[in-house]
Amino acid sequence: MPGGSWEKIISMTKDGIKSIGMIKRKAKRGKKIALLIDGPNILRKEFGIKLEDIVDVLESIGDIRVAKVILNQYAPQGLIEAVSNQGFEAVVVSGETGVKLAVEAMREIYNPNIDVIAIATRNAEFLPVILKAKEKGKETVVIGVEPGFSVALKHAADYTIVLEPKREGRGSERELNQGFQA
């Protein structure tokens with residue numbers, strides 16, 4: 001996943017030490033997170049939200065083990081490539097992205113290797129998914145942006161992360177609610 005620090009992998013030869021590559025070092029192993037992003041709802045030009053912003057906040061909770069961005073068939077090829085280059089799985093659907101995101105979320109809710117379900121969306125249609133995740137003992141994180149971030153979704157999740165849209169001359173800022181601090 002994006003973020004973190006890197007360390008050199010070295011091999012010992014009879015001539016001495018030789019660098020053979022780089023590997024990402026994870027200092028801590030926290031909770032295992034499944035991150036699902038509603039692409040058409042969050043990755044909009046007018047918001048200026050970057051995937052790195054979401055990853056940075058979640059890495060303070062634990063390790064992102066599943067990272068998927070659900071996109072519709074109208075997503076530009078450049079966006080699909082950018083999502084893949086960030087280490088996310090780009091899932092392109094020809095129909096409704098919400099249905100695919102709900103299916104993927106249910107898969108992760110029943111995955112015994114996942115502790116936290118994180119959904120980036122503004123849409124209240126995912127409230128039943130959040131409630132089911134909590135019922136099954138998973139912690140829940142909802143990541144969204146104003147305007148239009150569902151109040152019901154904010155209150156149902158264990159953690160709510162509100163990303164501020166990028167404004168002229170300023171970078172993206174995060175407002176953290178419900179006791180979560182990065």
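What share of the contacts in the protein between residues at least 6 apart in sequence join residues at least 24 apart? The share is 54%, where contact means heavy atoms within 4.5 Å. The legends below describe a predicted model, in which local features need pLDDT of at least 70 and side-chain atom pairs count only at pLDDT 80 or more, while totals for chains, interfaces and linings use all residues. Residues are numbered from 1 along each chain as its sequence is written, and side-chain values use heavy atoms, with hydrogens and water left out.

**Figure 1. Overview of the protein.** The protein contains six helices and nine strands; helices (H or I, at least four residues) and strands (E, at least two) are DSSP runs, numbered from the N terminus. Of its 182 residues, 41% are buried. Here buried means under 20% relative accessible area, exposed over 50%, and partly exposed in between, with a 1.4 Å probe and protein chains only.

**Figure 2. Strand 4 and its two parallel partners, strand 3 and strand 5.** Strand 4 (residues 62–72) is largely enclosed by the rest of the structure, because nine of its 11 residues are buried. Strand 3 (residues 31–38) runs parallel to strand 4 and is joined to it by eight bridges; two strands pair if DSSP finds at least two bridges between them. Within this pairing, A34 has V66 of strand 4 as its bridge partner. Strand 5 (residues 89–93) is also parallel to strand 4, with five bridges between them, and V92 in strand 5 stands opposite L71. From strand 4 the chain passes through helix 3 (residues 77–85) to strand 5, a right-handed β-α-β crossover. Right-handed means that, with the strands pointing away from the viewer, the path from the first strand over the helix to the second runs clockwise.

**Figure 3. The largest pocket and its lining.** The largest pocket has a volume of about 400 Å³. On a 1 Å grid over the protein atoms alone, a pocket is an open set of points where a 1.4 Å probe fits, with protein on both sides within 12 Å along at least five of seven lines, and lining residues have an atom within 4 Å of a point. Grid points are joined across faces, edges and corners, and the volume is the space filled by probe spheres set on the points. Of the 19 lining residues, L43, R44, K45, I49 and L79 lie nearest the centre of the pocket. Helix 1 (39–42), helix 2 (51–59), strand 4 and helix 3 each supply at least two residues of the lining, and helix 3 gives the most, with three. By residue type, the lining comprises 11 nonpolar, four polar and four charged residues. Ala, Val, Leu, Ile, Met, Phe, Trp, Tyr, Cys and Pro count as nonpolar, Asp, Glu, Lys and Arg as charged, and the others, Gly among them, as polar.

**Figure 4. Burial of helix 2.** Helix 2 is mostly covered, with seven of its nine residues buried. The buried residues of helix 2 are L51, D53, I54, V55, V57, L58 and E59.

**Figure 5. Strand 7 and its parallel pairing with strand 6 and strand 8.** Six of the seven residues of strand 7 are buried, so this strand is largely enclosed by the rest of the structure. Five bridges connect strand 6 (residues 116–120) with strand 7 in parallel, and I119 stands opposite V142 in strand 7. The chain crosses from strand 6 to strand 7 through helix 5 (residues 127–135) in a right-handed β-α-β crossover. Strand 7 also pairs in the parallel sense with strand 8 (residues 159–163), over five bridges, with G144 opposite V162 in strand 8. The β-α-β crossover from strand 7 through helix 6 (residues 151–156) to strand 8 is likewise right-handed.

Figure 6. Not counting residues up to four places away in sequence, T140 touches I117, I130, A133, K134, A156, A157, D158 and Y159.

Figure 7. L127 and A152 are 25 residues apart in sequence, and their C-alpha atoms are 7.3 Å apart in space.

**Figure 8. The cis peptide bond between E146 and P147.** The peptide bond joining E146 and P147 is cis, with omega about 5°. P147 is found in the loop between strand 7 and helix 6.
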